[in-house]
Amino acid sequence: MLTRSLILFFTLSCASLGACQQRSAARTDGDAAATPGTLAEAGSMATARAAHTATALPDGRVLVAGGFTGEENTAAGAEIYDQAADRFAPAAPMIVRRHSHSATPLPDGRVLLAGGYSASGEYLASAELYDPATATFTPTGAMTVARADQAAVLLRDGHVLMIGGVGQGWTFLSSAELYDPGTGRFTLTGAMHEPRESHAAVRLNDGRVLVVGGHRGRGASIHLYQSAELYDPASGTFTPAASMGIRRHKHDAVLLPSGLVLVTGGTDERDNAGIYRSTELFDPATGEFRPAGEMKLARYKHRGTSIVLGDGRVLLAGGAVQAEVYDPGAGTFAIARGEARMAGQFSAVAPLMDGRVLITGGYGGNRGPRNRAWLFRPR
């Protein structure tokens, strides 16, 4: 019998603007508007992995944690990437090896890793903290509900909001909970109006959290969402927001310097036969979505891989074999230079202190998880 990890692997593998209101102060009129940056291969990880996380640490290193390898009863441990040496090195053992989890950097420099699946395919309620000062993982309080593929958002008060996902028996979760770094405890907060997996969530400048798209159900019973919801930390409640132009799941969303939210890609019920190039913008001032430009490449399974660069442009680093850059001022997309080709689906991405971006692992192109890594240079 296949384990949950292998079942998940095969499930994931089958059937994979208007002008921006402001520009980053770092950008100048003389910048080449279409300079898309360059993608090149970096050093390799010790372990092939997908559905893992990559988190920038305060000292400039990157914590790469968890993920599945495609092998039976296997989930990956953790590694540390040193940008000065362009090298991965083993990290301390995780308390629980996990994949399809969340990793959230806390204000004090620690990283909260929560939920996901264990190596044997169990749904996890457990959470742990990585402390870069001691280079160790330690347990912290468990979530109130075991969940995987949840969205996690750091709130302005330092709490972490865990949203939706899938739970015991492949149930789809509308529940949400809050982690308090001060007490190490999770507590339930208001629930969403819809259960959601493969959704995306972004904290807005006013502190609210926008949750967009996703799905419930599997196979013939799957139902994709066009809807969105807004979470208000002050009241602890979700309220319906305007709907997107189309239904999306397995997409990404990122906050632009202007305060708008860029929603990219995803797919329809056909999975890899229905991947989108389309994008949309959510305007918190009007509460509405509007169409944005089309990406050069269709992308999906890329949540958490869009990074705002120092000049205000956005790197779209996941979901396809090539990276591209979105220019909010021009409303255009451009493919990154270089011959490197990435794995694509369920990779993990982290910004580096020197302005580059590290892209790790993933799978795609009829191949399983990779141990490869790539570096994007903005100029």
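How many bridges join strand 3 to strand 4, and in which direction do the two strands run? There are 4 bridges, and strand 3 and strand 4 (residues 78–82) run antiparallel. Strands here are DSSP runs of E, at least two residues long, numbered from the N terminus. Two strands pair if DSSP finds at least two bridges between them.

The model is predicted, so local features need pLDDT of at least 70 and side-chain atom pairs pLDDT 80 or more, while totals for chains, interfaces and linings use all residues. Residues are numbered from 1 along each chain as its sequence is written, and side-chain values use heavy atoms, with hydrogens and water left out.

Stay with strand 3, residues 62–65. Both of its faces are covered. V62 and V64 lie on one side, L63 and A65 on the other, and all are buried. Buried means under 20% relative accessible area, exposed over 50%, and partly exposed in between, with a 1.4 Å probe and protein chains only. V64 has E79 as its bridge partner in strand 4.

Strand 3 also pairs with strand 2, residues 53–56. Again 4 bridges join the two, and they run antiparallel. T53 stands opposite A65 in strand 3. The hairpin of strand 2 and strand 3 has 5 residues between the strands. Within this hairpin, G60 takes a positive phi near 100°.

A51 is found in the loop between strand 1 (38–41) and strand 2. Its phi is positive, about 55°, although A51 is not a glycine. Most residues other than glycine have a negative phi. A51 is buried, with a relative accessible area of 10%.

K301 also has a positive phi, near 55°, and is a residue other than glycine. K301 lies in the loop between strand 27 (288–291) and strand 28 (306–308). At a relative accessible area of 2%, K301 is buried.

Now turn to R98. Where does R98 lie? It is in strand 6, residues 98–99. R98 has 0% relative accessibility, so it counts as buried. Its C-alpha atom is separated by 6.3 Å from that of G67, 31 residues apart along the chain. Contact means heavy atoms within 4.5 Å. Leaving aside neighbours within four places in sequence, the contacts of R98 include G66, G67, A75, A76, L113, Y117 and L124. A127 and E128 are also among them. A polar atom of the R98 side chain lies 3.0 Å from the backbone oxygen of G115. That is a polar contact: a pair of N or O atoms within 3.5 Å, where within protein one must be able to donate a hydrogen and the other to accept it, and residues adjacent in sequence count only if both atoms are side-chain atoms.

A127 leads on to a sheet. Strand 10 (residues 127–131) and strand 11 run antiparallel, joined by 5 bridges. A127 has T140 as its bridge partner in strand 11. What is the strand order of the open sheet of 4 strands? The order is 7-8-10-11, with antiparallel pairing. Strand 7 (102–105) and strand 11 (136–140) stand at the edges, each with a single partner strand, so one side of each is left without a neighbour in the sheet. The twist averages 25° from one strand to the next. Axes are lines fitted to C-alpha atoms, for helices over the stretch in contact, and angles run from 0 to 180 degrees between N-to-C directions.

One more loop residue remains. Q345 lies between strand 31 (332–335) and strand 32 (348–351). Q345 counts as buried, at 8% relative accessibility. Its side chain reaches the backbone oxygen of G319 at 3.3 Å.
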